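Reader: I have a model open and would like to learn how to read it. Could we go through some of its features together?

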Amino acid sequence: MNKKWAAKRLTINLTSSEAQKLEKYCSMTGRPATDVIRELIRSLPTEEQE
């Protein structure tokens, strides 16, 4: 495993419908769930909006 990605490991609990939605999206796009989740986290606003 690339050490730059091993800085923090998370475990998340998903409902069955959330897991199915993630699996379907990953299947449709050919992307791994880790990449999809990382992209979603990066898109979160981190500064207060005025």
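This is a predicted model: local features need pLDDT of at least 70, side-chain atom pairs count only at pLDDT 80 or more; totals for chains, interfaces and linings use all residues.

Reader: How is the packing of two helices described?

Author: Two packed helices are described by the angle between their axes and by the distance between those axes. Here, the axes of α1 and α2 cross at roughly 105 degrees and come within 9 Å. Angles from 65 to 115 degrees count as roughly perpendicular, so α1 and α2 fall into that class.

Reader: Which residues in α1 and α2 meet?

Author: On the α1 side, look for Leu22, Tyr25 and Cys26; they meet Ala33, Val36 and Ile37 of α2.

Reader: Next, the charged side chains. What can side chains of opposite charge do?

Author: They can pair when their charged atoms come close.

Reader: How many salt bridges does the structure hold?

Author: There are 2 salt bridges. In one, the side chain of Arg31 meets that of Glu39, at 2.7 Å from N to O. The other joins the side chains of Asp35 and Arg38, with an N to O distance of 3.2 Å.

Reader: Where do Asp35 and Arg38 lie?

Author: Both belong to helix α2, which covers residues 33-42. Asp35 and Arg38 are 3 residues apart, about one turn of the helix.

Reader: And how should I read the accessibility of these paired residues?

Author: Partly exposed covers the range between under 20% (buried) and over 50% (exposed). Glu39 counts as partly exposed because its relative accessibility is 43%, and Arg31 gets that label at 25%. For the other pair, Asp35 is partly exposed at 32%, and Arg38 is partly exposed at 24%.

Reader: Which residues form a nonpolar patch on the surface?

Author: Look for Leu10, Ile12 and Leu14, which together have about 300 Å² of accessible area in this patch. Leu10 is in the segment before α1, the helix of residues 16-29. Leu14 also lies in the segment before α1.

Reader: What do Leu10 and Leu14 count as, by relative accessibility?

Author: Leu10 has 59% relative accessibility, so Leu10 counts as exposed. Leu14, at 41%, counts as partly exposed.

Reader: Which residues does Leu14 touch?

Author: Leaving aside residues up to four places away in sequence, Leu14 touches Ala19 and Leu22.

Notes:
Residues are numbered from 1 along each chain as its sequence is written. Side-chain values use heavy atoms; hydrogens and water are left out. A salt bridge is a side-chain nitrogen of Lys or Arg within 4 Å of a carboxyl oxygen of Asp or Glu. Buried means under 20% relative accessible area, exposed over 50%, partly exposed in between (1.4 Å probe, protein chains only). Helices (H or I, at least four residues) and strands (E, at least two) are DSSP runs, numbered from the N terminus. Patches are made of residues with over 30% relative accessible area and no salt bridge: like charges are joined within 9 Å, nonpolar side chains (Val, Leu, Ile, Met, Phe, Trp, Tyr) within 5 Å. Accessible areas come from the Shrake-Rupley method with a 1.4 Å probe; for residues, only the protein chains shown count as cover. Axes are lines fitted to C-alpha atoms, for helices over the stretch in contact, and angles run from 0 to 180 degrees between N-to-C directions. Angles under 35 degrees count as roughly parallel, over 145 as roughly antiparallel, 65 to 115 as roughly perpendicular and the rest as oblique. Contact means heavy atoms within 4.5 Å.
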